[in-house]
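Subject: Structure handover

Hello,

Here is the structure for you to look over. Please open it first, then read the notes below.

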Amino acid sequence: MKPTVTIIDYGMGNLFSIKCALDKVGLKSLITKDISKIRNSEAIILPGVGAFPDAIKKLRYLKLDKVIIDLYSRKKIIFGICLGMQLLFEKSYEGKISKGLGILKGKVVKFQTNKNFKKSFNVGWKKIQIIKNQKNKGFLNAKDNYMYFIHSFHVKPGNEQIITSKSSFNGLNFVSSVNEENVYGFQFHPEKSSKSGLNIYKCLKNIIYEKSLQLTKKSRVL
Amino acid sequence: MIRIIPKLDIKNENLVKGVNLEGLRVLGDPDYFAESYYESGADEIIYHDVVASLYERNIDLSLIEKASKKTFVPLIVGGGITNLSQVEKILKSGADRVFINTAGINNQKFIKKVISQFGASTVVVSIEVVKKKKNYFCRKDFGREETNLELIEWCKKLETMGVVELIVTSIDKDGTGEGFDLDIARQLNKHVKIDYILNGGFSKLEHFTDVLNICKPSGFAIGSALHYSILKHKIGSQKHDGNFEFLKKKTQFNNFKKISINDIKKFLIKKKNIKFRN
């Protein structure tokens, strides 16, 4: 069977753009909120645009929070984009403090404003600085260093080892992507970041293929 | 970084371009142009249904979907947007931001509503102005309807409403290739703190330095210069559904020399040390 990635449809985010980007790199995708389909996925994309409290509420309402945590414990590939990445963490300070999925240690906080920095939104193309000594499996290419951001909250991982890139806004170096085992998070939108962004989905396609090859080998041995 | 933003004016599924927002000529399939611009380094793309507002009809969502399949940079879509459900549909079709002009002038609360539902960064306010003596006045319905709303007064109002970015179009300069309206640049620089994209008049690289000596816009929107460059490239080589006989004639369109987004970026790096994404 052709490897497929499941895009979680919980009513938040521009799923169509992500699907278009996946089509472009030749990775088959399925947009769904169906629990059994999601449970049987080898890889999922958790998208998200909007507010953290609404998003986690919707995931819980659709009973998808437990499904995603279960996928994590079975070492499936999880890809969080923008708010989707923030949801992977333990808690967010957006609005009232709310609990996240808790797959990654850490919290989500607002950009601080002050006299010199009046904007609280980070919108536009920003450079990413790749954190050295990290295995980012080719997701982030040193030559492709600008990505498209649109957010006003950012993550603070409990474990700095998972940080794969940082970017700068309001004079602050914030975390723009993370990776821990099979969990990947990107604060920017790869589907809107031109060829550098599409490269990330190409890498996702490659790791899904690799993993499915390993699985077929295993099943043959059995 | 300053964003280089091709602006595609759309009428009945076709890419069109006029002069002073009038005399719209059909240039071809917007899809084809959008894809070329994406491939050649556009930082963002604007889709503007230029008759939606005037005819009080909705933007064709299938056009936005088509563009999303071929372009992987942010897409700003506007024209005739009057309600929240329209905004939602446009965003679901692959647009990242919407722009609003007429409905915002008619009802300022509408802009606030869109901001509170979709976030300030999702909304761009488009302002299309005509110069009268020393001041600029906003027009509605793609330049068809005059108002008494003065440019800077409107910008300041929008700023207090939480708008984060504007597209300011000089109707006088639109499609002429005479260069951006530098007086608008001066006024915006003096009075406006939020980001603004400048639109209207570009044809030669020096037009950028003229602006950048005065102010620093967040982006430059470009129509004619890029569209005609693609058409000049295509003349005689391929069948094409657009009517571009006018480009062969010796007319004002000869203002437009062949230019690419890459030429623009190279020039700005060299002359103004502006950084761009790779």
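Predicted model: local features only at pLDDT ≥ 70, side-chain atom pairs only at ≥ 80, totals over all residues.

What follows is a short account of what was found.

**Contact between the chains**

Chain A brings 20 residues to the contact, and chain B brings 17 residues. Helix 1 of chain A supplies the largest share, 5 residues. By class, this side of chain A has 10 nonpolar residues. Another 5 are polar and 5 are charged.

**Two helices of chain A**

Helix 1 and helix 6 of chain A also meet each other. Two packed helices are described by the angle between their axes and the distance between the axes. Here the axes of helix 1 and helix 6 of chain A come within 9 Å. They cross at roughly 65°. Angles of 65 to 115 degrees count as roughly perpendicular, so helix 1 of chain A is roughly perpendicular to helix 6 of chain A. The crossing of these two helices of chain A is right-handed.

Which residues meet? From helix 1 of chain A they are A:Ala21, A:Leu22, A:Lys24 and A:Val25. From helix 6 of chain A they are A:Leu198, A:Tyr201, A:Lys202 and A:Lys205. The residues of this helix 1 to helix 6 contact in chain A divide into 5 nonpolar and 3 charged, with no polar ones.

**Chain B as a whole**

Chain B has 11 helices and 12 strands. Its C-alpha atoms fill a box of roughly 50 × 40 × 35 Å, taken along the principal axes. The radius of gyration of chain B is 17 Å. A compact globule of 278 residues would have a value near 19 Å, so the two agree.

Of the 278 residues of chain B, 50% count as buried. Take the contacts in chain B between residues at least 6 apart in sequence: 66% of these join residues at least 24 apart.

**Helix 9 of chain B**

Is helix 9 of chain B mostly covered or mostly uncovered? This helix, residues 224-234, is mostly covered, with 8 of its 11 residues buried. The buried residues of helix 9 of chain B are B:Ser224, B:Ala225, B:Leu226, B:His227, B:Tyr228, B:Ser229, B:Ile230 and B:Leu231.

Best regards

Methods
Residues numbered from 1 in each chain as written. Chains lettered and ligands numbered in written order. Contact = placed C-beta atoms within 7 Å. Helix = DSSP H or I, 4+ residues; strand = E, 2+ residues; numbered from the N terminus. Nonpolar A, V, L, I, M, F, W, Y, C, P; charged D, E, K, R; others polar. Axes fitted to C-alpha atoms, helices over the stretch in contact; angles between N-to-C directions. Parallel < 35°, antiparallel > 145°, perpendicular 65-115°, else oblique. Left-handed = near helix turned anticlockwise from the far one by under 90°. Rg over C-alpha atoms; globule rule 2.2 N^0.38 Å. Buried ≥ 20, exposed ≤ 12 C-beta atoms within 10 Å, placed from the backbone.
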